[in-house]
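Work through the exercises below with the sequence and the model open side by side. Each task is followed by a solution in steps.

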4 protein chains.
Amino acid sequence: DDALRVGSRTFTSRLLVGTGKYKDLTETRDAVEASGAEIITVAIRRTNIGQNPDEPNLLDVIPLDRYTLLPNTAGCYSAKEAVRTCRLARELLDGHNLVKLEVLGDEKTLFPHVLETLSAAETLIADGFEVMVYTNDDPIIARRLEEMGCVAVMPLAAPIGSGLGIRNPYNILEIIENAQVPIIVDAGVGTASDAAVAMELGCDGVLMNTAIAAAKRPVLMASAMRKAIEAGREAFLAGRMPRKRYASASSPIDGTFF
Amino acid sequence: DDALRVGSRTFTSRLLVGTGKYKDLTETRDAVEASGAEIITVAIRRTNIGQNPDEPNLLDVIPLDRYTLLPNTAGCYSAKEAVRTCRLARELLDGHNLVKLEVLGDEKTLFPHVLETLSAAETLIADGFEVMVYTNDDPIIARRLEEMGCVAVMPLAAPIGSGLGIRNPYNILEIIENAQVPIIVDAGVGTASDAAVAMELGCDGVLMNTAIAAAKRPVLMASAMRKAIEAGREAFLAGRMPRKRYASASSPIDGTFF
Amino acid sequence: DDALRVGSRTFTSRLLVGTGKYKDLTETRDAVEASGAEIITVAIRRTNIGQNPDEPNLLDVIPLDRYTLLPNTAGCYSAKEAVRTCRLARELLDGHNLVKLEVLGDEKTLFPHVLETLSAAETLIADGFEVMVYTNDDPIIARRLEEMGCVAVMPLAAPIGSGLGIRNPYNILEIIENAQVPIIVDAGVGTASDAAVAMELGCDGVLMNTAIAAAKRPVLMASAMRKAIEAGREAFLAGRMPRKRYASASSPIDGTFF
Amino acid sequence: DDALRVGSRTFTSRLLVGTGKYKDLTETRDAVEASGAEIITVAIRRTNIGQNPDEPNLLDVIPLDRYTLLPNTAGCYSAKEAVRTCRLARELLDGHNLVKLEVLGDEKTLFPHVLETLSAAETLIADGFEVMVYTNDDPIIARRLEEMGCVAVMPLAAPIGSGLGIRNPYNILEIIENAQVPIIVDAGVGTASDAAVAMELGCDGVLMNTAIAAAKRPVLMASAMRKAIEAGREAFLAGRMPRKRYASASSPIDGTFF
């Protein structure tokens, strides 16, 4: 048994996916299915999950009896907007209280605004939400978010939509080693090996959207990501061989040169 | 259909594994099975495949009706030794002509000796062998080995037994882009993401031994590697998103800074 | 003319150095001199600059008519402690108002505590200090510190005393491109090339202590750092050649593979 | 005293530069002078050093009483051509016997052709030349070139004209640790920090051309390179601090994670 526990819920898959940027809802559905993801995040301000009864509804292809929806606050630049968006999501989804909080600091880089994020997290937790929170890779901020009661801390690997992979594995590792809640890398993964690297570091999961949706063949990439997440998790649990300069070296490399 | 064709043979799996360094033959068997590998390489000078009738025989756990055995010349430091070893293997295996040639240049680093390798390859090909050849990552040498008639070229990712991953992806990519035969990364892979990276570059396969056998839990690592190879292959075929500094960047990063 | 302007002061050297961890004051003096640094940072809580009249005084080897002293708040874990320490320094130094603010979040990693840092910066600026501020590499936080009126923003390259070099050049570059005040990399540089890399990114300066003091030959390393800072600055101003896969490539590498 | 000894000659500078790709001979002269180089390499097949009496002569700006000319065989794709070019150079330069041998394997990548290189080196050494030799970064090949009698071994950092920096520091380090002759990185350096990194590894020198000539301001880049080489050399001799995850870590990082 190697389950992922987030707040009051338990999951088998450690891959979380978004629903943006696909050609159409059919492709969204096929990619989500190929990914094996159980938690599907949705940008409430950009996605129709019933607000517009006459338009295509995401829930037609992501049925709530099969997936756990994770409403997110993409596009919010203040605590106030983010809190309002979460409350709207809860209403639309009949009291569903699991949300992904993201408050952005900048339209260009989409970096998190950690001060507004801390403020919104405090309000949302007091209001009964289970908050998964997008943040930077600062270990001190991550710890504070955990202490406040966030159910998962989600540091970025790299800027949203960049596909650059984990820019600072030291920080991510530091966050993981000090955490009691799941650490889920969010944003910046570009290809399968990036996802595997995150899991090998000991992350509890990875959330991605563009890496799948902006691949030339999204459904095949979704399958690749599913396998990469499993591969990385198994490699982490299996305990990798030490790195050495060569087989005959009596001790692992000690980092004095590279 | 995405088969791997090596000389006259066709395979589904793109992971090739060795049989050294396991605790016992049971662990060897279980790891090989978990890896999904179809091609199993064996160091003829160190492994009993019938030379010593009274000792445990590898073929009891790696049956020839299920796996393709790939005799290798590990431990040979000259063309002469390597050729003799291949001929011995052919005798022991009733005319089996597929071999992995490796001629080492150095006991410490186990780097290939490309001059002796070229010489041995020439002799073996003239003698009717199908030669898969371990070499350095020099694109000019790789092309020459292909031109001589080797059925697969196998550049090292990093020194044998080092677990350092692909040290020079530029060279590996250069080799891949110019090759008509399969390019199979051999040696140096340390964990699952390393294998995925190799496949994402466009390698046709990866051969490994220590990364599995020296993991704390070899059978689980074998499973991780199987998935990583598939993940990397699918990601390669799926066509990854471009790398950008951030989502709003209008063009991919142009490499002028990092 | 390529001067470094920090608040109301102007400097020629872009290397700032600390005074901790040396064998004795003679070595401190020789290393500082070899570094060519004009701004010398001093941990007020750990260094005698007159508080203990009977003990060796740093100012005997770092005379105030030759160097600009930069009192820092190393060892402070709250805004309150840091503010008190800056005020103590100002008293000891006859009204000197330039300080380096650092508020730490963790005794193990010595990561900055950005929330306490923001709070302390606000108080100090209102109290007439010119604040150079140690922070993480979050571009949003860096911008806020600049908007508050800090005279220089000093993101970490890597944890204090780690010698790991710039862990996340993307973030440092993002900070640089958006700043109107000097960006000075502080903490984490390990050797000369790390300092050069920082300057090539466009940093305005680098502050270091351990990289010099913990080298086997500190005075020689100080000289190396002086040259590396100048080399990196000149390379930045000279405009480096584009990166390409090879000379004949018609366009720079586009980042789609590595 | 930290002199560079190459064959029968001794030098102070560890930066070797080429003369190609400059706007005109004035820029060539100014850049060479700013670099502080004492050894200047010249492509005999492309440069007028007296073959064409009516055209501008490089020797007018690179006087032989001030610099050591290092004729090279750029543009040669066979041992035969390279040997002929060296002999021509010796005639043109009144018996000057120091040459840089390069035999290329490919017009696209300009990778060395090590087999032709070995053949040419043998002939040239027998013919009384002091041979500095451009090669790949294979430690076994490097050792063989040294054993044959080459006076310096010059592995590539990256493809000629690529500006990618040292692609495989492990191989370069392996070559350095096993050599009795100078190891001079040749080709691939792109900016000042690349040069510093090479020297910090323990290289005896660096040869470059494009990194200076193709900078926006070549003369300033030449100055940067001079300082970077000195900085890297001093940092190597000074003995850098160990890398650690953070200051409080009791031992250096052991390479098990990155």
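**Exercise 1. Salt bridges over all chains**

How many salt bridges does a search of the whole structure find over all chains?

Solution. The model is a predicted one. Step 1: take the cut-off, a side-chain nitrogen of Lys or Arg within 4 Å of a carboxyl oxygen of Asp or Glu. Step 2: search the whole structure, which gives 72 salt bridges over all chains. Step 3: look at a pair that crosses between chains, running from B:Glu174 in helix α5 (residues 169–178) of chain B to C:Arg245 in the segment after α8 (218–238) of chain C. Step 4: read its distance; the closest N and O atoms of B:Glu174 and C:Arg245 are 2.8 Å apart.

**Exercise 2. Chain B against chain A**

Describe the contact between chain B and chain A by residues, area and salt bridges.

Solution. Step 1: on the chain B side 47 residues are in contact, and they touch 47 residues of chain A. Step 2: about 3700 Å² is buried between chain B and chain A, with carbon and sulfur atoms giving 59% of that area. Step 3: the salt bridges between chain B and chain A number 4.

**Exercise 3. Chain C against chain D**

Solution. Step 1: 47 residues of chain C contact 47 residues of chain D. Step 2: the area that chain C and chain D bury between them is about 3700 Å², and 59% of it lies on carbon and sulfur atoms. Step 3: there are 4 salt bridges between chain C and chain D. Step 4: a salt bridge joins D:Glu234 to C:Lys227, with 2.7 Å between the closest N and O atoms.

**Exercise 4. Helices α3 and α4 of chain B**

At what angle do helix α3 and helix α4 of chain B pack, and how far apart are their axes?

Solution. Step 1: helix α3 (residues 114–126) and helix α4 (residues 139–148) of chain B pack at about 10°, and their axes are 10 Å apart. Step 2: angles under 35 degrees count as roughly parallel, so α3(B) is roughly parallel to α4(B). Step 3: α3(B) contributes B:Val114, B:Leu118, B:Ala121, B:Glu122 and B:Ile125 to the contact, while α4(B) contributes B:Ile141, B:Arg144, B:Leu145 and B:Met148. Step 4: sorted by class, the contact of α3(B) with α4(B) holds 7 nonpolar residues, no polar ones and 2 charged ones.

**Exercise 5. Helices α1 and α8 of chain D**

How do helix α1 and helix α8 of chain D cross, and is the crossing left-handed or right-handed?

Solution. Step 1: the axes of helix α1 (residues 25–35) and helix α8 (residues 218–238) of chain D come within 7 Å and cross at roughly 20°. Step 2: that angle makes α1(D) roughly parallel to α8(D). Step 3: the crossing of α1(D) and α8(D) is right-handed. Step 4: the residues of α1(D) that take part are D:Glu27, D:Asp30, D:Ala31, D:Glu33, D:Ala34 and D:Ser35, and they meet D:Pro218, D:Val219, D:Ala222, D:Ser223 and D:Arg226 of α8(D). Step 5: by class, the contact of α1(D) with α8(D) comprises 5 nonpolar, 2 polar and 4 charged residues.

Key
Residues are numbered from 1 along each chain as its sequence is written. Chains are lettered from A and ligands numbered from 1 in the order in which they are written. This is a predicted model: local features need pLDDT of at least 70, side-chain atom pairs count only at pLDDT 80 or more; totals for chains, interfaces and linings use all residues. Side-chain values use heavy atoms; hydrogens and water are left out. Axes are lines fitted to C-alpha atoms, for helices over the stretch in contact, and angles run from 0 to 180 degrees between N-to-C directions. Helices (H or I, at least four residues) and strands (E, at least two) are DSSP runs, numbered from the N terminus. Angles under 35 degrees count as roughly parallel, over 145 as roughly antiparallel, 65 to 115 as roughly perpendicular and the rest as oblique. A crossing is left-handed if the near helix is turned anticlockwise from the far one by less than a right angle, and right-handed if clockwise. Contact means heavy atoms within 4.5 Å. Ala, Val, Leu, Ile, Met, Phe, Trp, Tyr, Cys and Pro count as nonpolar, Asp, Glu, Lys and Arg as charged, and the others, Gly among them, as polar. Buried area is the accessible area (1.4 Å probe) that two parts lose on being put together, summed over both.
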